Amino acid sequence: MNDFFHSKGKLSKFLAGKGFYAALAVCVVGAGTAAWIAVDKTVDRIDESNRQAAESRPQATSSAQEPSYGFPDLEEAGKAQSGIGVQQERESSASSSSSTAAPSSSAASSEPEELSVEAKAQPELEPSSFVLPISGEIFVPYSNGELVKNPTLKEWRTHDGIDIKADPGTPVKAVCDGQVTAVRDDPLMGMTVEILHQDGITSVYAGLDKEVLVQEGDEVKVTQPIGSVGEIPSEISLDPHLHFAIKVDGQWADPLKTMGKVVE
């Protein structure tokens with residue numbers, strides 16, 4: 001009993017002195033150790049849970065989540081791509097359809113080729129035949145370079161065309177296909193139109209009404225109206241008529257012979 005109290009007294013003294021701090025330090029160390037053990041066990045549980053979750057996750061998912069930058073792997077580089085395959089299929093189907101339709105298209109195109117060959121084989125069209133510019137009496141013929149008395153001017157002159165009797169306003173037509181090269185109001189011959197035809201032939205229509213139907217540069221067809229009969233100042237004393245002439249390469253020629261209209 002005395003020993004117990006004696007030991008208790010020593011313990012009290014020890015705790016009252018430096019022993020208190022030593023006991024406190026032991027308690028702190030013990031608490032820290034217990035806390036570290038608890039934290040370590042918690043971390044181990046978390047690691048175990050993460051490992052189990054990683055093992056249970058499908059491998060395909062992780063590979064599917066890998067980013068793709070548009071460059072195929074070496075293996076897939078040699079494989080046919082889907083877009084290219086579709087294009088090749090379209091081209092092949094188009095070529096097969098065109099090859100299928102080839103016989104009909106070639107048969108359709110063969111006819112124009114044959115026609116073009118026939119057209120080339122045909123000779124060039126002859127110039128359209130000449131016609132007289134108006135119908136009427138030729139009362140003053142072509143003088144062929146000889147001098148004749150002009151009753152209006154009271155002088156001897158060559159008559160380089162033919163005079164065809166017609167009432168004023170009678171329609172005058174082109175004697176052949178050609179191009180209008182001149183439209184002028186001549187002080188002696190009145191309103192005059194010249195038309196150039198093939199082979200250097202030019203037809204001249206003098207004494208037309210002022211209101212002509214063509215102008216320089218126009219393309220005209222045979223029998224196309226170009227104007228109407230008017231007046232000729234240098235032949236005003238004669239009956240109303242059209243003075244019609246022909247030039248070949250710029251030289252006056254017999255209109256009737258040139259057009260093949262020689263009167264027997």
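Q: How many helices and strands are in the chain?
A: This is a predicted model, where local features need pLDDT of at least 70, side-chain atom pairs count only at pLDDT 80 or more, and totals for chains, interfaces and linings use all residues. Residues are numbered from 1 along each chain as its sequence is written, and side-chain values use heavy atoms, leaving out hydrogens and water. Helices (H or I, at least four residues) and strands (E, at least two) are DSSP runs numbered from the N terminus. The chain has six helices and twelve strands.

Q: Why is strand β8 largely enclosed by the rest of the structure?
A: Let's look at residues 201-208, which make up β8. Buried means under 20% relative accessible area, exposed over 50%, and partly exposed in between (1.4 Å probe, protein chains only). Strand β8 is largely enclosed because the number of its eight residues that are buried is eight.

Q: With which side chain does the side chain of D163 make a polar contact?
A: D163 sits in strand β4 (residues 162-165). A polar contact is a pair of N or O atoms within 3.5 Å; within protein, one must be able to donate a hydrogen and the other to accept it, and residues adjacent in sequence count only if both atoms are side-chain atoms. At 2.8 Å, the partner of D163 is the side chain of H243.
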